[in-house]
Amino acid sequence: LFYSIVVLPKVIVCGTSNRTLRTPLRFSFKVMMRTLLRKITWAWVPIIGTCAFSVYQGVPKCSARDVENCSAKIRDSGERNSGLTNKSKNKWGRSLFNSPIGDNADIIDECSESNSYCPPEWNALSAEAKAKLANLLTWDNLSKWEFNIFEVAELTNDPLLLVGWALLCGPMAQDAMQTSLEVKGDADDYSNGCVSGGNINTFRYQFHEHLEIDAQTICNFLREIERRYNRDIPFHNSVHAADVTQTTHCLLQLMGEDYLTSIFDSITIFSLLLAAAFHDVCHPGTSNLFQQNAQTSIAVKYENTSILENMHLAVGLSLLFGEGIQDEWDIFDGWINDDKVRVQEIMKESILKTDISHQSELLGDLELLIEQVHTVAKENNRYNAEIDEPILSILAQTFHEAKSVEGEDLTKTELEGKCNQLAGLLVGFILHGADISNPAKSGDLPIHWGSRVFDEFFEQGDKEKEMGLPISPLCDRGTVKLPESQVNFIKYVALPTYELLGSVIPRVKKEVVPNMSRTIEYWEGEKN
């Protein structure tokens, strides 16, 4: 209350032209008002308004020179520490992990109560369930390829919300879990940077330090998204969405911290993970071909082109930026318009890449860009770019050089342009890979997911029979043989995707692709 009637009016009167200074003040005010409105009755509103107006009248005015001096100091500090210039930024952004907002994150944290925020869905769980989930949702566990999303789904009806909270709001989410269990967390467990966990190395994104976000607002959006997934659909439900979100995170982690932060900035990573959460929202449990044959309303609306993918995208973007937006889940409130446009572009390019009918085109485009980057890099004498050199290394070096080298080097300009195209395509390719990752998982996960997806296919086939529509491929339960269909899907869809992804991310080739052979071997054995 003191903040609202004494400090904030003075800031409003003084004004500021610097977004770094505006950010923590606006963020803190939003949190304060949300808490205030919960705890007071409307009978107090006139009293508070009168007090605030009285204080406002007595607040001394700040001169324009005072405001400019204050803004200049923060601006100079931000530019010194950020290491970024306008020239070094592009559509996909270069590393904003050292942004001015991050340098002043202590202000945001000091004013924010979101450090210890837990969603109601967490608070409603039993102590035993909380303890198990807190262990499952540690950063190291979430970064493991063998992560089992069904273990989470057994403990909660809201797997997408809790997994999304743990990833997008980590490590504060993990701290909040420990606090709610009244267990003192080890500070080293939640420190920034690279930590060891078995045979993996993980990097914490620390979005709260680099972006203007609020944990409660993020959870509100995830709740609204999860509500729109149909729990009765065997495969395309919120468990699948949570699995794809975690797998997308894992693929990013497999890139390694140095490459990841050199190639993708915090806005790109945040946007990609959020897109993964709603990439199948409102899925009806039937395919694009079914929509086209039945001439559904969405098939007509999207002219039989990536029908479901366009619908998923439209629902998500409407909730975030359009007609469906509400204050309680307005994640990007306060972001500048240029950043909002970037977020929408990243989400659009990523979700539309999940249309499996464009698989061959997507692989061809990525292979061509990889070859072009290698070719142009060879012609650039600054790199010893043999064809076997990891493409991530070329991307990282190129973006690093773009920040520090000035001049009109045409070869370098061409290389940077190709690298930007490749980085942009790679974002969508990672989400596509996560979407079809089930056969690449370990243990019994490929079998469990395989059974679920065919349950959904067969339900579609039954519906097509009832409606007198042509039965879609793989949907006739009377003729389709599950083992044979799984082997063909892996050999001609999943394996080529992950082999190409492995040529970009070496750890995928080493740690993930071998799982495909074991899955094929299992289904081959089931043919007899």
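## Helix α25

α25 is followed by G468, whose phi is positive, near 75 degrees; helices here are DSSP runs (H or I) of at least four residues, numbered from the N terminus. The model is predicted, so local features need pLDDT of at least 70 and side-chain atom pairs count only at pLDDT 80 or more, while totals for chains, interfaces and linings use all residues. Residues are numbered from 1 along each chain as its sequence is written, and side-chain values use heavy atoms, with hydrogens and water left out.

Among the buried residues of α25 are W449, F454 and E464, where buried means under 20% relative accessible area, exposed over 50% and partly exposed in between (1.4 Å probe, protein chains only).

## Aromatic pairs

The structure holds 15 aromatic pairs. Rings of Phe, Tyr and Trp (its six-membered ring) pair if their centres lie within 6.5 Å; planes under 30 degrees apart count as stacked, over 60 as edge-to-face and the rest as tilted.

F321 and F332 are stacked, because their ring centres are 5.1 Å apart and their planes are at 20 degrees. F321 lies in helix α20 and F332 in the loop between α20 and α21 (337-352), so the pair ties together parts that are 11 residues apart in sequence. F321 is partly exposed, at 23% relative accessibility, whereas F332 is buried, at 0%.

The pair Y522 and W523 is edge-to-face, because the ring centres are 5.0 Å apart and the planes are at 75 degrees. Y522 is partly exposed at 32% relative accessibility, and W523 is buried at 4%.

Definitions and conventions. Helix = DSSP H or I, 4+ residues; strand = E, 2+ residues; numbered from the N terminus.
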